[in-house]
Amino acid sequence: MPAVHDRNDDALTSSAGSQRRGLPSALQSAPRKKPTIQDPLVHHGQHFGWVVHVFCNVQTLIVNGLAAMAEGEDLESMTALEHKELLVFKQLVRMVPGIDARLMSGSEEDIQKGSNGARADDTKGMKAAIIDWITPKGQSLNPHIPRNVKSGRGFNHECTGALLCPASLDWSNSKIKSKLINGQIQVASNQWPVFLYANYAYDPEDPWNGLLRSGLLVSAFKHIFTSPSSASIAYVVTQARFALNSAQVFSHTDLITDSKCFYNSILALLEDPGERDKVEQLMALPSKNSALARIRQKREEYQARALRASAATSIVED
């Protein structure tokens with residue numbers, strides 16, 4: 001009777017041979033990676049970049065903030081920028097418990113790492129997702145835009161070009177479109193694109209009409225956040241603008257998209273005391289189908305029923 005050949009014998013023989021030669025067997029599971037414990041400061045850094053300031057050199061912020069506090073916070077002698085830096089520094093201190101004890105050990109690097117990492121993740125994720133948001137249902141973009149390629153975006157594509165066109169210009173004007181495409185018209189960072197406005201329509205008589213309420217921005221915000229703040233709105237708008245552009249690298253030194261100046265221009269509006277009423281209206285405007293809107297509706301219905309029941313009881317008792 002012929003010997004039965006077992007392939008497991010070959011595997012064992014091969015494994016034994018590899019072990020004799022001091023080599024690991026390729027047929028065995030790779031060793032598990034040791035779990036890594038992330039410093040909580042990295043997480044705080046992510047949150048700081050999202051809701052306080054995305055273009056921030058944390059080390060410089062901490063040095064300047066500590067110096068200002070050591071000098072007694074003389075606000076009268078501070079420039080507007082120095083005062084703004086101090087406010088951002090205080091927000092960081094409030095956000096990170098026990099940061100005073102950690103600053104002496106170079107912990108600002110972990111905060112910066114968290115902020116930069118969150119921004120990179122959001123940039124990568126939105127680059128693909130935004131193609132879904134701008135593609136009409138049941139249709140496709142012509143020409144096609146790959147989800148992970150930036151080169152065909154910006155003013156090079158009809159769809160992204162129309163969204164990025166400054167609100168004060170008319171993309172349907174062939175001369176303006178041509179000048180935007182070939183660079184004859186250089187768009188400044190404070191020339192806001194039309195995609196910031198509801199229904200992509202700008203009202204020159206009322207610049208606040210529909211501002212920061214477009215469907216595209218709502219999708220972008222839901223992609224990253226659950227509740228709004230001035231900094232988080234400015235962050236989302238900046239990320240969406242970059243995703244529509246053809247620029248490859250999200251950087252504060254990029255003079256083409258000039259994302260840092262664009263972000264600061266949005267933030268300046270949202271933090272302007274003179275615009276407080278408009279900003280509060282913007283922050284308090286939940287989607288009709290959002291969980292918050294439904295909760296508010298149910299609460300109002302419950303309160304109305306309670307008032308009616310109380311009124312009925314009073315009538316009976318009388």
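Modeller: Accessible areas come from the Shrake-Rupley method with a 1.4 Å probe, and for residues only the protein chains shown count as cover. On that basis the accessible surface of the protein comes to about 20200 Å², and 53% of this surface belongs to carbon and sulfur atoms. The model is predicted: local features need pLDDT of at least 70 and side-chain atom pairs count only at pLDDT 80 or more, while totals for chains, interfaces and linings use all residues. Residues are numbered from 1 along each chain as its sequence is written, and side-chain values use heavy atoms, without hydrogens and water.

Colleague: What makes up the secondary structure of the protein?

Modeller: Helices are DSSP runs of H or I with at least four residues, and strands are runs of E with at least two. The protein has 13 helices and zero strands.

Colleague: Why is a set of residues called a nonpolar core?

Modeller: Its members are buried Ala, Val, Leu, Ile, Met, Phe, Trp, Tyr and Cys residues joined through side-chain atoms within 4.5 Å; buried means under 20% relative accessible area. The largest such core holds 49 residues, of which Ile 130, Phe 195, Leu 196 and Leu 212 touch the most other members. Helix H10 gives the most to this core, with ten residues.

Colleague: Which residues does Ile 130 touch, not counting residues up to four places away in sequence?

Modeller: Contact means heavy atoms within 4.5 Å. Ile 130 touches Arg 153, Leu 216, Ala 240, Ala 243 and Leu 244. A second, separate core has 15 residues, including Val 52 and Met 95.

Key. Buried < 20%, exposed > 50% of the residue type's maximum accessible area, 1.4 Å probe, protein only.
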